Amino acid sequence: MRRLSRSHLRWIMVGLALGVGCAGGTAWAAFTSISSNGPNSFSAAPDLTAPTFTRATVAKSTGTQTAARFRSGGGYYVYAQVTDTGNPSAGIQSVTANTSSFTTGATASAMTAGSYTVAGITYNYRSAALTANSALATGTNFSYTITAKDNATNTTTSAAQTAQAETYQSVISATSNLVSYWRLGEASGTAAADVKAANAGTYNGSPVFGAAGALVGDTDKAGTFDGVNDFVNVPDSASLDVVGALTEEAWIKVTAFDKSYQAILTKGNSAYRLQRNNATNTLDFELTGTTPLATLGAVNVNDAAWHLVTAVWSGSGTRQIYVDGALDAQTTGVTGTTAANAQPLAIGQNVETGSRFWHGLIDESAIYNRALTAAEVLDHYKAGKGTG
């Protein structure tokens with residue numbers, strides 16, 4: 001019987017201390033050879049550590065992305081940060097997402113390694129675009145999990161993460177350069193709240209509260225204006241004196257077009273205004289200080305239906321009107337700068353001209369101090385209609 005040398009014995013003792021086996025012993029997964037001496041080789045301990053899950057989020061695959069928000073019936077991505085912390089590392093074999101609580105059958109959607117960013121946070125895995133079930137209750141949280149497996153078959157599944165079927169309010173509030181946003185869903189009183197808490201308004205006349213609003217799947221109400229003396233008065237402020245790029249936005253439903261230039265959102269008659277086009281059934285977007293003064297719409301909005309109307313000024317050159325997310329009218333080559341004034345902003349009236357009271361419903365009115373893109377305008381419309 002051959003006697004082992006001191007060198008051989010030393011290697012055996014090292015192997016026992018490290019928990020390794022010699023050649024011919026039981027094979028473990030993910031061994032890495034660290035030394036050899038003649039017929040004897042030694043390997044490090046196998047990777048017995050499951051991958052580490054750090055964070056995850058869900059965000060829309062189109063439109064403005066907000067972390068942990070998706071749209072009922074819309075496309076979305078799942079993002080995750082996962083690392084293999086084994087020593088030695090066996091390497092990540094797969095990362096999957098289970099979003100079956102809001103996408104039927106999506107129990108193990110494959111995720112691909114890469115570098116991704118949502119709301120300033122980075123992730124190293126992302127799913128392909130998935131589609132949420134339609135008719136999900138907006139404002140409701142849904143759970144999902146992430147499962148990661150390494151090449152040594154160690155597996156980890158995250159605790160339940162949450163994502164919310166976004167509300168229209170969350171979409172508008174997340175849109176950059178929002179100056180003020182009046183939902184007009186009050187049940188009583190005279191205060192018209194600004195979601196941004198920047199420019200609260202006051203109801204004048206006797207508007208009727210509690211009418212069914214414009215938004216699908218949202219219980220928030222709308223204001224009904226009588227065309228006689230009802231409107232919302234928002235005091236002048238520096239933030240409302242928008243002389244550069246601008247977007248005006250509101251949902252409207254006409255009861256009657258019975259006055260010329262009935263007002264939707266106006267800063268008097270000497271700054272900016274979105275209103276009825278004279279005595280027609282279309283819209284008019286005017287900017288005092290620019291040439292030409294007005295962009296005139298072509299779509300009939302006097303049909304007793306809800307419409308999202310959006311007026312966009314690039315600040316130089318292009319002025320547009322959108323109806324229901326689609327371009328209605330566009331004027332290019334516009335010159336000049338929008339004038340500022342000391343008039344209040346009015347919803348449903350033009351206080352600088354007298355009787356241009358709106359006769360119908362107005363809901364979800366907003367002002368931005370930039371030009372929304374066509375994609376954003378359409379995204380807001382889809383958010384209101386509860387579509388992807």
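1. A word on confidence to start: pLDDT is the predictor's confidence in each residue, from 0 to 100. Here the protein averages 90, and 89% of the residues score at least 70. This is a predicted model, so to speak only of what was counted: local features need pLDDT of at least 70, side-chain atom pairs count only at pLDDT 80 or more, and totals for chains, interfaces and linings use all residues. Residues are numbered from 1 along each chain as its sequence is written, and side-chain values use heavy atoms, with hydrogens and water left out.

2. Go carefully with residues 7–35, where pLDDT stays under 50. The model has 49 contacts for this stretch beyond four places in sequence, a contact being heavy atoms within 4.5 Å. Where pLDDT is low, the predicted coordinates should not be read in detail.

3. Now the strands (DSSP runs of E, at least two residues, numbered from the N terminus; two of them pair if DSSP finds at least two bridges between them). Strand β8 (residues 121–127) runs antiparallel to β5 (residues 75–83), with 2 bridges, and Tyr-79 has Arg-126 of β8 as its bridge partner. β7 and β8 form a hairpin with 2 residues between them, and Ala-119 in the turn has a positive phi of about 50°.

4. There is also an open sheet of 8 strands, in the order β14-β15-β18-β28-β20-β21-β22-β24, with antiparallel pairing. Its edges are β14 (191–192) and β24 (294–296), each pairing on one side only. Inside that order, β15 (residues 201–204) and β18 (residues 231–234) are joined antiparallel by 3 bridges, with Thr-202 opposite Asn-233.

5. Beyond four places in sequence, its contacts include Leu-283, Phe-285, Arg-319, Ile-321 and Thr-331. The C-alpha atoms of Thr-295 and Ile-321 are separated by 7.4 Å, although the two are 26 residues apart along the chain.

6. Two cis peptide bonds deserve a look. One joins Asn-87 and Pro-88, with omega about 5°, and Pro-88 is in the loop between β5 and β6 (92–98). Another runs from Thr-291 to Pro-292, omega near -5°; Pro-292 lies in the loop between β23 (290–291) and β24.

7. Positive phi turns up at alanines in loops too. Ala-135, between β9 (130–131) and β10 (141–150), has phi near 65° and is exposed at 75% relative accessible area. Ala-304, between β24 and β25 (307–313), also has phi near 65°, and its 53% relative accessibility counts as exposed.

8. Finally, the structure holds 2 cavities of 30 Å³ or more. A cavity is a set of points on a 1 Å grid over the protein atoms alone where a 1.4 Å probe fits but cannot get out, and lining residues have an atom within 4 Å of a point. The largest has a volume of about 110 Å³, and its lining includes Arg-71, Glu-166, Tyr-168 and Asp-218.

Conventions: Helices (H or I, at least four residues) and strands (E, at least two) are DSSP runs, numbered from the N terminus. On a 1 Å grid over the protein atoms alone, a cavity is a set of points where a 1.4 Å probe fits but cannot get out, and a pocket is an open set with protein on both sides within 12 Å along at least five of seven lines; lining residues have an atom within 4 Å of a point. Grid points are joined across faces, edges and corners, and a volume is the space filled by probe spheres set on the points. Buried means under 20% relative accessible area, exposed over 50%, partly exposed in between (1.4 Å probe, protein chains only).
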